[in-house]
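Here is a short briefing on one protein model. Please read it with the sequence and the 3D view open.

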Amino acid sequence: MKYGRPPGKPGQIVVLRAGGASGERVRLGVHDLLNGTFATPRTFFYRQTLDSDALADSLRRTLAHHPLLTGRLERDADGGLSVVCNDAGAMFAVTHSDQVMPDYGPDRSAKQDLRRYIHSVNAFRVVGHDTPLLTVKVTHMRGGGSVLGVAVNHSVVDGSGYLDFLRHWSRTHAGHDGHAAPYDRALLDGLAGEARPAPDDPQYQVVTGRQKFGFIWRVNSRAWKVRTVTVRLTATEVLALRAAARAGQDRDLPPASSAVALGAHLWRVLGALRDRDPGAEERLGIVVGLRAVLKDRLPHGYGGNAVSNTTAVLPARELREEPLAHTVAAVRAAVERVTPVRVRQEAAFLEAQRQAGRSARVLSRMSLDAFDGTVALNDSGRLPVYTLEFGAGRPFWFEFPASPIPWTALVTPTPDDDHSRDVHLSVPREAADALRSPRWADRLRGAADGPGGL
């Protein structure tokens, strides 16, 4: 790749290198392979203008601790993937916009504008090509303010690892010392050798090439019908849901958390909105981080993908009519099934698929069932995305691409750093229209979700 200099000049793109190539070949883990080679992009919006030269300098120093982010993806003999730590570099771009900074927030999405704030790469020309795994784009807005767009290949990091890298960069920018992120995939993949691989798995399914193509075609052909509705729930509203969940729970159990109460509440609202047959099986697919589950095995700051999922199941009638505490119990039971024993079984199953050359055909059941009875929940409400400072104050908003898969709920924090949450619901167009009505807006805010149910 050939790019110009210097980084602070508008319209220029440079390749930032850490300053040393170890040549190490890091074999990605079985959980990394589930994400394909697409990037996970995020944008952060600042009222004040960022210093792009200072950003480039602090990023270069940060990359010395993250050798995978300046490496390149290569295919393994068995169809797996590895990152060659050759310090080929990350991409850093600076541009100026002729627009003033929009007042983005829950009532004004930035999703339609993300392409201008992210430097994208072709996901199908990553493996075996000189394609960066990290791209950074700084957009300076007319009249002041900047947008920081960061995209990292999802095969290298999950949401927690992504944010850990950005926080490391933020600390380095402020002049604080940083530490290398542990990235040895054997720490997680090693669990596979502690269990016998089963022929099937409750959360993952091996599909045929035709089935995978059919699923992707279905997602892409219907993506234009999916809309994302964003609602900000105040700390008072979230804590009221938690109180309602605790009021009806078994007294012998630990008090329900606000995250579980909110997730159960969202499942109930979407279940009521879909209004399926009372006997139909409703499922909530829950994204679960494995760092806490494997705290005795994974070091603090583990930089790879360490995410799984679990599924809660209730009949449609119970989901709609029983008290919130009833749904909370089902959600908690599903989350509690993700134990070290379960992770060992999962790792063994996924490793068996890699050895058989089938990793590319492993899909989560909650994704495959997105068009039928499953709601997918990803609660990132505790990730401190609004703490990322680079000499221009905290971001006033952050944004991510819309999900093309319907019935997806993403929970994120708010700039207030309290119990308030932004809830992003990606649903079919008709459901999005309903959620914007006063009746369903009240339900989303928990107005009718007390101990007596909806």
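Which handedness does the crossing of α8 and α10 have? The crossing of α8 and α10 is right-handed. A crossing counts as right-handed if the near helix is turned clockwise from the far one by less than a right angle, and as left-handed if anticlockwise.

This is a predicted model, in which local features need pLDDT of at least 70, side-chain atom pairs count only at pLDDT 80 or more, and totals for chains, interfaces and linings use all residues. Residues are numbered from 1 along each chain as its sequence is written, and side-chain values use heavy atoms, with hydrogens and water left out. Helices (H or I, at least four residues) and strands (E, at least two) are DSSP runs, numbered from the N terminus.

**Helix α8 and its partners**

- α8 and helix α10 (residues 324–336) pack at an angle of about 110°, and their axes are 9 Å apart. Axes here are lines fitted to C-alpha atoms, for helices over the stretch in contact, and angles run from 0 to 180 degrees between N-to-C directions.
- That angle makes α8 roughly perpendicular to α10. The classes are: under 35 degrees roughly parallel, over 145 roughly antiparallel, 65 to 115 roughly perpendicular, and the rest oblique.
- From α8, Val 260, Ala 261, Ala 264, His 265, Trp 267 and Arg 268 meet Leu 324, Thr 327, Val 328, Val 331 and Arg 332 in α10.
- Helix α7 (residues 235–247) and helix α8 (residues 258–274) cross at roughly 90°, and their axes come within 8 Å. α7 and α8 are therefore roughly perpendicular to each other.
- On the α7 side, the contact (heavy atoms within 4.5 Å) is made by Val 238, Leu 241, Arg 242 and Ala 245. On the α8 side, Ser 258, Ala 261, Leu 262 and His 265 take part.

**Helices α2 and α4**

- The axes of helix α2 (residues 52–63) and α4 come within 9 Å, crossing at roughly 120°. α2 and α4 are therefore oblique to each other.
- α2 passes α4 in a right-handed crossing. Residues of α2 in the contact include Ala 54, Leu 55 and Leu 59. Those of α4 include Phe 165, His 168 and Trp 169.
- Ser 58 lies in helix α2. Ser 58 counts as buried because its relative accessibility is 0%. The cut-offs are under 20% relative accessible area for buried, over 50% for exposed, and partly exposed in between (1.4 Å probe, protein chains only).
- Not counting residues up to four places away in sequence, Ser 58 touches Trp 169, Thr 172 and His 173.
- Thr 62 also sits in helix α2 and is buried, at 0% relative accessibility. A polar atom of its side chain lies 2.7 Å from the backbone oxygen of Ser 58.
- Leaving aside neighbours within four places in sequence, Thr 62 is in contact with Phe 165, His 168, Trp 169 and Thr 172.

**Nonpolar cores**

- A nonpolar core is a set of buried Ala, Val, Leu, Ile, Met, Phe, Trp, Tyr and Cys residues joined through side-chain atoms within 4.5 Å. The largest has 54 residues. Phe 92, Leu 134, Leu 148 and Trp 169 have the most contacts inside it.
- Helix α4 (residues 159–173) gives the most to this core, with five residues.
- A second, separate core has 53 residues, among them Ala 272, Leu 284, Leu 319 and Val 331.
- Beyond its neighbours within four places in sequence, Trp 169 is in contact with residues including Leu 55, Val 136, Leu 148, Val 150 and Phe 390.

- Arg 72 is in strand β4 (residues 72–75). Arg 72 counts as buried, at 3% relative accessibility. A polar atom of the Arg 72 side chain lies 2.9 Å from the backbone oxygen of Gly 89.
- Asp 275 lies in the loop between α8 and β11 (281–289). Its phi is positive, about 50°, although it is not a glycine. At 54% relative accessibility, Asp 275 counts as exposed.
- Asp 417 is in the loop between β16 (408–412) and β17 (421–428). Asp 417 is not a glycine, yet has a positive phi of about 55°. Asp 417 is partly exposed, with a relative accessible area of 47%.
- Most residues other than glycine have a negative phi.

Terms used:
Polar contact = N/O pair within 3.5 Å; in protein donor to acceptor, adjacent residues only side chain to side chain.
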